[in-house]
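Here is a short briefing on one protein chain. Please keep the sequence and the model open while reading.

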Amino acid sequence: MSARTEPAPVDVLIVDDHEENLVALRAILASPEYRLVSASSGEAALAALLRQEFSVVLLDVVMPGLSGFEVANHMKQLERTRHIPILFLTAVATDVSQIYEAYAIGAVDYLIKPLDVRAVRAKVAVLADLFRQRREIERQARLLAEAERREHELRLAEVRVASDERYRKLIEGIDHTVGWSLQPDTLQLSFVSRQLPRILGYTAEQYAAPRFWLDCVHPEDRDALLASFRRALSERSDQTCDHRSVAADGRVVWFRTSVSVVGDQDGRLELHGVSADVTPLKHAERAQHFLAEATTALAVPLEYRETVTTLARIAVPQLADLCVIDALDEGAATMLAVAGAEHESELARELGERAEHDPGHPCLVAQAACSGRPTLIADVADPRWLGAALGAAHPDRLQSAGAVSAMIVPLHARGRVIAVATLVSTTPGRRFGDDDLSLAEQLATRAALVVDNARLFDESRNATRAREELLAVVSHDLRNPLSSIALGAERLRGAALDEGLQRTVDIIFRAARQMERLVGDLVDFEQIKLKRLRVERRAHAAASLVSEAVEHLEALAADKSVTLETDASLAVDVLCDRERVIQVLSNILGNAVKFTPSGQGVKVVARRIGSTVRFAVIDSGPGLPSEQLAHVFDRFWQGSGSRKAGLGLGLGLAIAKGIVEAHGGRIGVESAAGRGATFYFTLPVAEHESPAASA
């Protein structure tokens with residue numbers, strides 16, 4: 001048994017401005033199959049792309065200097081790099097609009113850190129294999145073209161002396177190439193080598209008839225071939241023409257025919273030619289051109305259904321006369337798109353109409369979905385059986401249309417079958433073979449990820465729309481009645497009520513206010529997430545911001561017997577939105593009071609550091625273990641004991657982070673278990689000569 005040939009290594013570019021991330025990616029992709037090239041910036045990545053050819057680029061989104069999106073835009077503008085697949089990697093840019101922008105640029109996928117090691121390896125392996133396949137097709141095409149060129153030169157030399165029996169025998173001994181002699185006036189063959197009957201399937205006697213060989217030429221190419229004969233005769237120069245011929249079994253065979261003029265001793269002219277079978281080369285060229293056009297068409301960001309419909313239209317008429325695409329949802333097939341040649345559009349629609357499953361007929365679509373393997377039916381003996389096997393509601397229509405061949409090809413994405421494409425030929429002589437199936441599978445491979453990304457984006461957009469509608473309900477329909485309840489309870493608190501009723505009113509008032517705060521947190525968080533939070537920045541005294549925030553928390557601190565201390569006497573203004581900054585301070589200070597034991601204290605400090613003011617809230621609570629520090633500002637995250645304490649949704653610190661960053665500041669925490677915690681954030685110092693700004 002021969003040893004398995006290892007695939008040739010291909011170059012993979014990984015781009016990230018953090019060395020630890022590059023180390024991690026190199027570890028994930030460490031394999032003899034790849035030559036990994038690292039770049040720590042967008043500029044370095046572009047320089048590497050100009051130096052060498054890469055099979056795939058793993059590109060970080062957020063980087064100093066050129067961002068990942070800017071690098072991708074530069075790549076798409078250069079012919080050398082425009083077709084290199086891009087996998088975006090990010091831990092920060094996870095908003096739906098950024099994901100949509102990535103796919104609009106032409107990304108193959110958008111991966112969120114921390115990365116799924118198996119997913120990264122699988123995606124890179126698929127893209128590397130596609131790169132190798134493309135290189136191999138290009139190499140074989142070059143070799144075949146060179147071989148054909150040399151054979152043509154040899155045939156021309158041999159045909160010019162075809163009267164010599166030795167050279168005729170030599171021509172007949174060469175496969176895939178036909179030597180012939182033709183009388184110009186009658187267009188009758190005076191000599192043809194034995195390969196032509198073998199290649200096209202006609203008998204030697206048939207070729208002896210006038211014009212028979214020319215009548216075998218495809219009608220669309222016949223005039224071009226005759227024109228090359230006329231030029232050869234008028235100019236006495238060699239001519240070359242690519243044309244198709246129709247074989248006896250209906251196959252289309254491509255020839256590259258070279259012809260020259262030879263005169264005998266009596267001055268009579270004869271055409272000597274060599275016709276080489278270049279069908280494999282033409283198929284390879286067709287496949288490359290078709291896949292390139294398909295990739296371009298599918299790269300346009302579309303709705304899910306539009307993307308699937310585009311895929312069906314790409315397949316017709318290049319691959320088939322009819323195409324039906326069934327999407328799979330929890331194992332059930334649903335017709336999503338149909339396409340047909342101009343005279344078959346109605347038939348395509350009827351083929352897409354599904355009948356109830358008949359246990360007596362195998363459902364080829366379901367079989368392909370379950371097995372994940374394609375099915376080729378090269379010769380359809382019974383078109384009605386095929387229609388029933390495809391689950392069509394009108395199986396007889398395939399009988400009347402004369403279906404002759406079919407392919408059922410599954411589309412794989414993210415380890416599962418997401419759709420099944422059914423391709424049918426109704427053109428006599430157009431029977432699918434292994435080359436057609438291979439081309440259909442390559443199209444399915446390129447389209448599957450695009451279709452699945454379109455589906456995921458569609459679902460994400462629908463979820464976003466539903467979330468925004470819910471947010472509108474929460475912010476308006478829920479907030480207004482809560483305000484009415486709180487206002488009514490506040491008025492009752494001032495009335496003369498017995499002690500029990502007064503406690504009930506107080507509970508109602510506090511509950512309504514708490515609900516108002518929770519609703520406000522939800523609204524603020526969504527505005528931050530959607531990058532719609534606006535801050536009206538003005539110059540405000542840093543000391544007054546601290547004082548006002550402390551005043552808001554004095555009652556809560558007194559209830560818990562916690563002392564509040566301030567150290568913010570500096571005379572400096574910060575450029576900020578006053579209400580938003582007090583919201584941040586109150587949020588952090590409120591958490592500190594809640595976690596500080598009775599009898600202990602909380603300190604608020606403000607210090608100028610260069611062009612910023614650093615605000616810090618220092619408590620003497622239980623602190624945070626080191627493994628929790630990285631999650632403190634995550635949405636919906638609550639430390640140990642927070643949920644039991646009824647401290648809300650876990651959005652307060654996430655909102656504080658969004659507000660501070662909207663001001664151009666930075667927020668953080670320093671803590672250790674049992675040693676309290678220090679939450680701090682910075683704001684820019686106000687330059688009074690500058691006008692107020694908003695962001």
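This is a predicted model. The chain has 695 residues, and 45% of them count as buried. Its secondary structure comprises 22 helices and 23 strands. Take contacts between residues at least 6 apart in sequence: 64% of them join residues at least 24 apart.

**Aromatic pairs**

- The count of aromatic pairs is nine.
- In one of them, the ring centres of tyrosine 202 and phenylalanine 212 are 5.2 Å apart. Their planes stand at 90°, and over 60 counts as edge-to-face, so this pair is edge-to-face.
- Tyrosine 202 belongs to the loop between helix H7 (195–200) and helix H8 (204–207). Phenylalanine 212 belongs to helix H9 (residues 212–215).
- A second example joins phenylalanine 633 and phenylalanine 679, with ring centres 6.2 Å apart. The planes of phenylalanine 633 and phenylalanine 679 are at 80°, so this pair is also edge-to-face.
- Phenylalanine 633 sits in the loop between helix H21 (626–629) and helix H22 (652–662). Phenylalanine 679 sits in strand E22 (residues 677–684). The pair therefore ties together parts that are 46 residues apart in sequence.
- Phenylalanine 633 has a relative accessible area of 14%; the cut-off for buried is under 20%, so phenylalanine 633 is buried.
- Phenylalanine 679 has a relative accessible area of 12%, so phenylalanine 679 is buried as well.
- Phe69, Phe88 and Tyr110 form a cluster linked by ring pairs.

**Charges over rings**

- Lysine 282 places its charged end over the ring of tryptophan 254. The distance to the ring centre is 4.9 Å.
- Arginine 614 places its charged end over the ring of tyrosine 680. Here the distance to the ring centre is 4.2 Å.

**Helix packing: H3 and H4**

- Helix H3 (residues 68–77) and helix H4 (residues 96–105) have axes that come within 10 Å. These axes cross at roughly 15°.
- Angles under 35 degrees count as roughly parallel, so H3 is roughly parallel to H4.
- The H3 and H4 crossing is left-handed.
- H3 contributes Phe69, Ala72, Asn73 and Lys76 to the contact. H4 contributes Gln98, Glu101, Ala102 and Ile105.
- Phe69 of H3 takes part in this contact and also belongs to the ring cluster with Phe88 and Tyr110.

**Aspartate 379**

- Aspartate 379 lies in the loop between strand E13 (375–377) and helix H15 (383–389).
- Its relative accessible area is 51%; exposed means over 50%, so aspartate 379 is exposed.
- Which residues does aspartate 379 contact, leaving aside its neighbours within four places in sequence? They are Val404 and Arg431.
- The C-alpha atoms of aspartate 379 and alanine 403 are separated by 9.0 Å. Along the chain, aspartate 379 and alanine 403 are 24 residues apart.

**Cis peptide bonds**

- Lysine 113 and proline 114 are joined by a cis peptide bond, with omega about 0°. Proline 114 is in the loop between strand E5 (109–112) and helix H5 (117–159).
- Valine 316 to proline 317 is also a cis peptide bond, with omega near 5°. Proline 317 is in the loop between helix H12 (304–315) and strand E11 (322–329).

- Arginine 211 has phi near 65°, a positive value in a residue other than glycine. Arginine 211 lies in the loop between H8 and H9.
- Arginine 211 is partly exposed, with a relative accessible area of 34%.
- Arginine 236 has phi near 55°, again positive in a residue other than glycine. Arginine 236 lies in the loop between helix H10 (219–235) and strand E8 (239–246).
- Arginine 236 is exposed, with a relative accessible area of 54%.

How values were computed:
Residues are numbered from 1 along each chain as its sequence is written. This is a predicted model: local features need pLDDT of at least 70, side-chain atom pairs count only at pLDDT 80 or more; totals for chains, interfaces and linings use all residues. Side-chain values use heavy atoms; hydrogens and water are left out. Rings of Phe, Tyr and Trp (its six-membered ring) pair if their centres lie within 6.5 Å; planes under 30 degrees apart count as stacked, over 60 as edge-to-face and the rest as tilted. Helices (H or I, at least four residues) and strands (E, at least two) are DSSP runs, numbered from the N terminus. Buried means under 20% relative accessible area, exposed over 50%, partly exposed in between (1.4 Å probe, protein chains only). A charge sits over a ring if NZ of Lys or CZ of Arg is within 6 Å of the ring centre and within 35 degrees of the ring normal. Axes are lines fitted to C-alpha atoms, for helices over the stretch in contact, and angles run from 0 to 180 degrees between N-to-C directions. Angles under 35 degrees count as roughly parallel, over 145 as roughly antiparallel, 65 to 115 as roughly perpendicular and the rest as oblique. A crossing is left-handed if the near helix is turned anticlockwise from the far one by less than a right angle, and right-handed if clockwise. Contact means heavy atoms within 4.5 Å.
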